[in-house]
Amino acid sequence: MVCHIKTIVKKAISNGYAIGAFNVHNLEAILGVVRAAQRAKSPAIIQVSEGAIKYIGLNNFVNITTDAVKNIAPRIPIAFNLDHGKNFEVVSDCLEAGFSSVHMDGSFLPLNENIKVTNEAMKEAKKYGAWVQGEVGPIMGGHGKIGGKLKSVPIADLNEVVEFVKKTNVDTLAAAVGTAHGVFCNETILMQLLRDIKQKTKKPFVLHGGSGVDIFKIKKSIKEGVNIINIGTDIKVAFSETLKKTCKENKHETDPRNLLRPTIEAVEKVVLQSMKIFGSVNQVKF
Ligand code: G3H
Ligand code: ZN
């Protein structure tokens, strides 16, 4: 069932696992994530970026995903989140559309301005009883980028993170702790920084850039207090590589369903793998 993010996050905190927040870009990805959640008996967050909203349409996303959850995973708690909302309009549209969580990403702004836009989002979200994710970073790289080494991976300043939380009281917190969007060989997780942030803010922590990060580091970070892990690139890659392979092997196929069906299975597989790593499998008891 589509539910409020707070229900999912609070349960994950008390039971010591993390929730996957999976970026979807089309119907096949939505079906793959929902099927994985049902199969794994795992709660999940399904999220869309501004780009995905432009491509799918906000109401299409809400209606299609709500319907998919009702039909495929009626007893699995699944929440919607806006990912990297860069302006107030998109935040407000998603709140109006019924999202229980929005990410107001002002991390590219000077700290004072980031605090200002995040507080505007907090005020708006309060009207709907929704949660706001704030970010101090910014987290670099690019969704879908794979391979190579980033010139540098920016790291959030601890004092700025603490000041940001003090002045916004965001519901969930993202900060640059060594990961990047995409898959790069020099991604890491700075455990001491994560520990300090958790100890000083006591906020549910969202790890961005989950694709391509060492499994053992991910597992350790969950013990250190990561509560939500964003996965985007892994889903894009699973979809695209499978589609390319299927098209190559079936040059004369004209039924789109036969070309696209394997992509749903590929997304389901990659989401299932993440859920296993995050410890969220079998956490929904009927
Ligand atoms: O906001 C989305 C995530 O941080 C995705 O990062 O593409 O490295 O999985 P990723
Ligand atoms: Zn991100």
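Predicted model: local features only at pLDDT ≥ 70, side-chain atom pairs only at ≥ 80, totals over all residues.
Let me start at the end of a helix.

Now the helix itself. α8 spans residues 191-201. Which of its residues are buried? They are M191, L193, L194, I197, K198 and T201. Note that a lysine, K198, is on that list. Look down the axis of α8. The buried residues fall within an arc of 165°, so they line one face of the helix. What covers them? Among the covering elements are two helices, α7 (158-168) and α9 (215-223). Strands contribute too, including β7 (172-175), β9 (205-207) and β10 (226-231).

Next, the metal. Ligand 2 is a zinc ion. Which residues coordinate it? H84 and H181 each use NE2, while H208 uses ND1. The distances run from 2.0 to 2.1 Å. Along the sequence, the donor spacing reads H-x96-H-x26-H. H84 sits in strand β3, residues 78-85, and H181 in strand β8, residues 181-183. The two are 97 residues apart, and the pair links distant parts of the chain. Are these two histidines buried or exposed? The cut-off for buried is under 20% relative accessible area. H84 has 8% relative accessibility, so H84 counts as buried. H181 also comes out at 8%, and therefore counts as buried.

On to the aromatics. How many aromatic pairs does a search of the whole structure find? Three. I will take two of them.

Start with F61 and F99. Their ring centres are 5.7 Å apart and their planes sit at 50°, so this pair is tilted. F61 lies in helix α4, residues 58-72. F99 lies in the loop between α5 (88-96) and β4 (101-104). The pair therefore ties together parts that are 38 residues apart in sequence. F61 is buried, with a relative accessible area of 1%. F99 is buried as well, at 2%.

F99 also pairs with F80. Here the ring centres are 5.9 Å apart and the planes are at 65°. Why is this pair edge-to-face? Planes over 60 degrees apart count as edge-to-face, and 65° is the angle here. F80 lies in strand β3 and F99 in the α5 to β4 loop, so the pair ties together parts that are 19 residues apart in sequence. F80 has 3% relative accessibility and counts as buried.

F61, F80 and F99 form one aromatic cluster.

Terms used
Residues numbered from 1 in each chain as written. Chains lettered and ligands numbered in written order. Heavy atoms only, no water. Donors = N, O, S within 2.8 Å, 3.2 Å for Na, K, Ca; no water. Helix = DSSP H or I, 4+ residues; strand = E, 2+ residues; numbered from the N terminus. Buried < 20%, exposed > 50% of the residue type's maximum accessible area, 1.4 Å probe, protein only. Phe/Tyr/Trp six-rings, centres within 6.5 Å; stacked < 30°, edge-to-face > 60°. Arc of directions from axis to C-beta. Contact = heavy atoms within 4.5 Å.
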